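I opened this entry to keep a record of what I looked up, residue by residue and helix by helix. The notes follow the order in which I went through the structure.

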Amino acid sequence: MSLARPWPRRLVVIGLIAMVVGAVDPLEGSIVILAGIALVALGAQLGHGRYRVLLHWSLALVAVGVGALWGISAVGGFGGTTGRSYWWALVLIPYPAGWIMGLVGAARQ
């Protein structure tokens, strides 16, 4: 990243902080995490970062995972008396996978 343009670096740092803070409560913080990874991806794009493709993929994974998380929560979750088995939790895998990819990409920027 270019040191002459500090804004991309600031976006990456602010996004990384949001991703870590949002992880305190993964359901309620999912919007904060999604916004944080969007800031990181934007900062990487503006700063022509080496890991911008990784960060764009992580943004897509987190967006899909957060959508699945909120969708599953809206219909009552899984397990117990819902009639959905715990295997439905597999649709949530893009969320933590994208979050981890985003942390790695942001830290390496």
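I began with P26, which I found in the loop between α1 (6-22) and α2. The model is a predicted one, and I read every entry below with that in mind. With a relative accessibility of 44%, P26 is partly exposed, because that value falls between the 20% limit for buried and the 50% limit for exposed. Leaving aside residues up to four places away in sequence, I listed L69 and Y95 as what P26 touches.

Next I stepped back to the whole protein. I counted four helices and zero strands, and the order along the sequence reads α-α-α-α. Along the principal axes, the C-alpha atoms fill a box of roughly 55 × 20 × 15 Å. Of the 109 residues, 34% are buried. Among contacts with a separation of 6 or more, 66% come from residues 24 or more positions apart.

I then took the helix pairs in turn, starting with α1 and α2. Their axes come within 7 Å and cross at roughly 160 degrees, which makes α1 roughly antiparallel to α2, since the angle is over the 145-degree limit. α1 passes α2 in a left-handed crossing. On the α1 side the contact includes P8, L11, V12, I14 and G15, and on the α2 side V32, I33, G36, I37 and L39 are among the residues involved.

For α3 (residues 52-74) and α4 (residues 94-108), I noted that the axes come within 7 Å and cross at roughly 150 degrees, which makes α3 roughly antiparallel to α4. The crossing of α3 past α4 is left-handed. The contact includes L54, L55, W57, S58 and L61 from α3, and P94, Y95, G98, W99 and M101 from α4.

Which residues does S58 touch, not counting those up to four places away in sequence? I found I37, G98, M101 and G102. S58 lies in α3 and is buried, with a relative accessible area of 0%.

I turned to H48, which lies in the loop between α2 (30-46) and α3. Its phi is near 55 degrees, a positive value in a residue other than glycine. As background, most residues other than glycine have a negative phi. H48 is exposed, with a relative accessible area of 56%.

I finished with the aromatic rings. How many aromatic pairs does a search of the whole structure find? The search gives one. F78 and Y86 have ring centres 5.9 Å apart and planes at 85 degrees, so the pair is edge-to-face, because that angle is over 60 degrees. F78 is partly exposed at 27% relative accessibility, whereas Y86 is exposed at 59%. A separate entry concerns W7: the charged end of R10 sits over its ring, 5.1 Å from the centre.

Technical notes: Residues numbered from 1 in each chain as written. Predicted model: local features only at pLDDT ≥ 70, side-chain atom pairs only at ≥ 80, totals over all residues. Heavy atoms only, no water. Phe/Tyr/Trp six-rings, centres within 6.5 Å; stacked < 30°, edge-to-face > 60°. Buried < 20%, exposed > 50% of the residue type's maximum accessible area, 1.4 Å probe, protein only. Lys NZ or Arg CZ within 6 Å of the ring centre and 35° of its normal. Helix = DSSP H or I, 4+ residues; strand = E, 2+ residues; numbered from the N terminus. Contact = heavy atoms within 4.5 Å. Axes fitted to C-alpha atoms, helices over the stretch in contact; angles between N-to-C directions. Parallel < 35°, antiparallel > 145°, perpendicular 65-115°, else oblique. Left-handed = near helix turned anticlockwise from the far one by under 90°.
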